[in-house]
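Morning, everyone. Please have a look at it first.

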Amino acid sequence: MDVIVKPTPTLNGEIGALSSKNYTTRYLLAAALAEGTSTIHYPAHSEDSDAMRRCIRDLGAVLEEDDSKIVIQGFGSHPRDVRELNVGNAGAVLRFLMGVTALCPEVTFVNTYPDSLGKRPHDDLIDALGQLGVEVQHEQGRLPITIKGGNAKGGHIRVSGSVSSQYLSALLFVTPLLAEDSTIEVLNDLKSKVVIGQTLEVLEQAGIIIHASDDYMSFRVPGGQAYQPQTYTVQGDYPGSAAVLAAAAVTQSDVKILRLMEQSKQGERAIVDVLRMMEVPLTHENDVVHVQGNGKLKAVEFDGDAATDAVLAMVAAAVFAEGTSRFYNVENLRYKECDRITDYLNELRKAGANVEERQAEIIVHGRPEGVEGGVEINAHFDHRVIMALTVVGLRSKEPLRIRDAHHVAKSYPQYFDHLQALGASVQWVKE
């Protein structure tokens, strides 16, 4: 399905933030790895979190769900022996479960998205699992991937963090369950350190002890631990809300988003700070972000590494800012569902934006008068690209048609419903 986004001068109303995808997937896994019953309140519903639900069920967890919570009977350190797992297009779910299935005799992760997740590399995690004594069969680091585990042993593990922090998170989930103590040394740089903070927060809530260095470059993990059944509450999601906040910033608006914790450890919380730097009128009090946009924005410079999943929305806002904006330290955007630098900027140019790329930078020469639009653009099956291009469409002079916009469901199935509720002119059309 495609979406046509028409120029929309004003947005008004309030919505509740969707629940955090990152926290939901981590809580689901922590609950599955506990022996006993855990409850998760306000879990996210998206293709990613649904992929984690499906896979932990296949591995032996029992799930019961109603409108506001999910109750999980975990399998502990003894997942069921399964032959295949299908994570869909969910990279984080794949990587976390590549670690956990080191506890299984043999599991193959199938390749159902050859043009997206199927293209993404996992070599660094494959190398790290080999150091645990796990044999991994793969296609040049890509899916399909077969994990031959069952005899994983702790010890000293080195893992690169230069492509993704998800490899490290995968190791942090599985090593506490191994009989031996482990030390994990992160090589090179560590991307998205703030997301490792979220992983450690969830592990601590689950009763797991991990000794982390201040810079998150080394960890001591006692072996022989057990996840404890717990009650978790999922907080509102900043990465998805970033696009709605950007939409409010570039229009004449009076928009409130509820359930966005002021003290959240989500790095994408920086969208609020960046919009303030852009001189967007807003307040953030009592977990409510209130934007009273006037469509006028100033250019910014921002280190995007700590807020990876909000950068595309920030760039969309900067398209209409006065002056030149620069988003740097963002190379890991290239290794997502698509190349979120080259692919995204190519589509922005079609819409009339003036943007440049470097290997690890996005430069935006703002056009406060708006962009032309009036074109069909390709979202490259990427939910973050879809959301960000929609923001641009709201300020285009002519409508934008976004191809395959249904892929927004990967993280935010209600995105277009929420925008419509605020008054945005968006319309689904068949391809």
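Some ground rules. This is a predicted model, where local features need pLDDT of at least 70 and side-chain atom pairs count only at pLDDT 80 or more, while totals for chains, interfaces and linings use all residues. Residues are numbered from 1 along each chain as its sequence is written, and side-chain values use heavy atoms, with hydrogens and water left out.

How many salt bridges does the structure hold? It holds 27. By salt bridge I mean a side-chain nitrogen of Lys or Arg within 4 Å of a carboxyl oxygen of Asp or Glu.

Start with a local pair. Asp50 and Arg53 form a salt bridge at 3.3 Å, N to O. Both sit in helix α2, residues 47-58, three residues apart, so about one helical turn separates them. Helices here are DSSP runs of H or I with at least four residues, strands are E runs of at least two, and numbering goes from the N terminus. Arg53 is buried, at 4%. The cut-offs: buried is under 20% relative accessible area, exposed is over 50%, partly exposed is in between, with a 1.4 Å probe and protein chains only.

Lys410 and Glu337 meet at 2.7 Å, N to O. Lys410 is in the loop between β25 (400-403) and α12 (415-421), and Glu337 is in the loop between β19 (324-328) and α10 (342-351), so this bridge ties together parts 73 residues apart in sequence. Both residues are buried.

Next, Asp382 and Arg340, at 2.8 Å, N to O. Asp382 comes from the loop between β23 (376-378) and α11 (383-394), Arg340 from the loop between β19 and α10, and the two are 42 residues apart. Asp382 is buried at 0% relative accessibility. Arg340 is buried at 2%.

The unreviewed UniProt entry annotates Asp309 as "active site". UniProt positions are in the numbering used here, feature names are shortened, and annotations may be inferred rather than shown by experiment. Asp309 lies in the loop between β18 (301-303) and α9 (311-318). Asp309 is buried, at 17% relative accessible area.

What does Asp309 contact, leaving aside neighbours within four places in sequence? Pro239, Glu268, Arg340 and Arg384. Contact means heavy atoms within 4.5 Å.
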